[in-house]
Amino acid sequence: MENLFAFVVGGLYATALFMMLRRSIVKLVIGLIILSNAANLLIFTSGGLVRGAPPLIPEGLYQPAGTIADPLPQALILTAIVISFGVLAFAVVLIHRAYEVIGADDVNNMKSTDS
Amino acid sequence: MKAEVIIPILIPMLAGALCLICWRWRLVQRWISVVSGAGLLLASLVLLHRVQTEGIQVAHMGSWPAPYGITLVADLLGAIMVVVTGIIGLAVAVYSLATMSRSHEAFGYYPLLHLMLAGVAGAFLTGDIFNLYVWFEILLIASFGLMILGGERAQMEGAIKYVTLNLISSAMFLTAVGLLYGYAGTLNMADLAVKLNGAEQSGLVTVIAMLFLVAFGIKAAAFPLFFWLPASYHTPPVAISAVFAGLLTKVGVYALFRVFSLIFVQDTGFTHGTVLMAMGIFTMVTGVLGAAAQFEVRRILSFHIISQIGYMLVGLALFTPLAVAGGVFYIFHHIIVKTNLFLVSGVMYRYHGSYDLAKLGGLYRSAPWLAALFLIPAMSLAGLPPLSGFFAKFTVIKAGVLEGHWLMVAMALIVGLLTLYSMVKIWAEAFWKGLPEDAKSLRGERDPHLYVLYAPIAGLALITLTIGFGAEWFVQLAMATAEQLLSPAGYIEAVLGGSQ
């Protein structure tokens, strides 16, 4: 299971980087979306995968019986998803405005502020 | 529960919320922002005093004991950084009174500014590495908003680079946090320090450390990750560039100081001695060479930010008490000086309607006070005694000499000279030479709001002079900070003490 997830995460990172190296800013944003999802999946995997064991404490006990899934990575991912969703919504609006102002979808046309 | 630690975050956050409520009354927003700037400064000074007299202050959120809940910690470094945030927040709030155009104010300049300050203060005070990520995102999203306020073409181009690079850095940060949690099973920084120091020398820890270095290096604009900064920092209105230039990159530097003094000290020969040192030296040199090649005031200043970041990194890389003290002193001095220079460039723009050195001129004759007020931060940046920059550079270089790191010492001295060269270039072109013939006549002379612009500039220059002439006290403070950073036992004890 971990091996499969490792390949998936690696593939997502590679895809994200490939997309971000394209010249189109739309593809750049798609790359960023994939990158943030890859990072979330990586936290999930490295937190340890446990199947079918929710972090619940049976009635009458003070601590869980047996192995349970660690709830913290899921809380972290939830936070990270909310944040990256907000930021990406901003990025989408930004590229729309940039497209309107600059009139091109190509990062090669955005060199006037470089020096 | 220590309220002093939370108040510096709450004040700007509440001010931001109040500004949002008063969306239509811009006058009210202005007053709120000045009052909250002053309040933040006051609260941070109280916090610094507490930390100095009573030791490290810790607040456990929701009363969960340390490794389980989120902890806010104020040690000397954090408290000093919050004080500087307060100073800059107040100065920029006052400066914005006269420079922000109606449309910028109408699109939410003040709420964004305060939310950004809240994010910066939170990043300085948190003791939890995932919480640090959250504060970073808060300050980033507010800064994205500030960056595109006005929506000119240059701003859009700058913003795309700024946003993209910062999002990549956030993803790196998140990756590193995930791997770190998988390895150590905790996210509290003090707890991480304990767990990682007990662990055997592991390659994985160094890999994670390097991921953090890349993530924070992008935010701090260190070589070779700085290209977004000169492309974007000169595009927004000058008050916004000033607060960005002063504070935002230094949040990255602060995070590097925190993480590489507390958590990743297993393999200092490689992480500090090789990687950070090389990064610092190259950052110094490339930044100042970029500045020497530019002929636009704000671009020169933007490249200088990068160059000065190098000095701070070198201070961290040497990793002796004196060097780290020099780095801390440098951060403190640099934030004030750099913000001040950007504010001065805004007044130059008021007079001439341009940032281009070829179109500027004659300011020494028409605005002698401005010339004096430019000279103080400019010469301080170049490191002339007795201004604050001299002591900052002196401490770092002396630490380099004591360690026998001659390459770094030579580079620091050469970069200091080149810094002086580019500051003199601004002086000679903008102040000394006569007004160019084709330039528009000076417009700012009868500007009734000019005193509002001069007040924060003079205030910051006064702080620079105070640091310079009262250097003894500030160096002592920096030494105490460095000792605290280099012996993290006190930090760990303060955070985990109640629970173990």
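**Entry 1: helices α1 and α5 of chain B**

I looked up how helix α1 (residues 3-21) of chain B packs on helix α5 (residues 109-125) of chain B, and found an angle of about 165° with the axes 8 Å apart. Because angles over 145 degrees count as roughly antiparallel and those under 35 as roughly parallel (65 to 115 is roughly perpendicular, the rest oblique), α1(B) is roughly antiparallel to α5(B). I noted that axes are lines fitted to C-alpha atoms, for helices over the stretch in contact, and that angles run from 0 to 180 degrees between N-to-C directions. Helices here are DSSP runs (H or I, at least four residues) and strands likewise (E, at least two), numbered from the N terminus.

The crossing of α1(B) past α5(B) is left-handed; this term applies if the near helix is turned anticlockwise from the far one by less than a right angle, and right-handed applies if clockwise. For contact (heavy atoms within 4.5 Å), I listed residues of α1(B), including B:V5, B:P8 and B:I9, which meet residues of α5(B), including B:Y110, B:P111 and B:H114. The residues of this contact divide into 15 nonpolar, three polar and no charged. Ala, Val, Leu, Ile, Met, Phe, Trp, Tyr, Cys and Pro count as nonpolar, Asp, Glu, Lys and Arg as charged, and the others, Gly among them, as polar.

**Entry 2: basis of the values**

I recorded that this is a predicted model, in which local features need pLDDT of at least 70, side-chain atom pairs count only at pLDDT 80 or more, and totals for chains, interfaces and linings use all residues. Residues are numbered from 1 along each chain as its sequence is written, chains are lettered from A and ligands numbered from 1 in the order in which they are written, and side-chain values use heavy atoms, with hydrogens and water left out.

**Entry 3: helix α14 of chain B**

I next examined α14 (residues 321-352) of chain B, which packs with helix α11 (residues 238-262) of chain B at about 165°, the axes being 7 Å apart. That angle makes α11(B) roughly antiparallel to α14(B). The crossing of this pair is right-handed. Twelve nonpolar, seven polar and two charged residues make up the contact of α11(B) with α14(B).

Helix α3 (residues 76-99) of chain B also packs with α14(B), at about 5° and with the axes 10 Å apart. α3(B) is therefore roughly parallel to α14(B). Among the residues in this contact are B:L77 and B:I80 of α3(B) and B:V328 and B:I331 of α14(B). I counted 16 nonpolar, three polar and one charged residue there.

**Entry 4: backbone in the loops of chain B**

Most residues other than glycine have a negative phi, and most peptide bonds are trans. In the loop between α9 and α10 of chain B I found B:A221, whose phi is near 60°, a positive value. B:P224 lies in the loop between α9 (203-220) and α10 (228-232), and the peptide bond from B:F223 to B:P224 is cis, with omega near -5°. A cis bond also joins B:P385 and B:P386, with omega about 0°.

**Entry 5: chains A and B**

I found 37 residues of chain A in contact with 37 residues of chain B. The two chains bury about 3000 Å² between them, 75% of it on carbon and sulfur atoms; buried area is the accessible area (1.4 Å probe) that two parts lose on being put together, summed over both.
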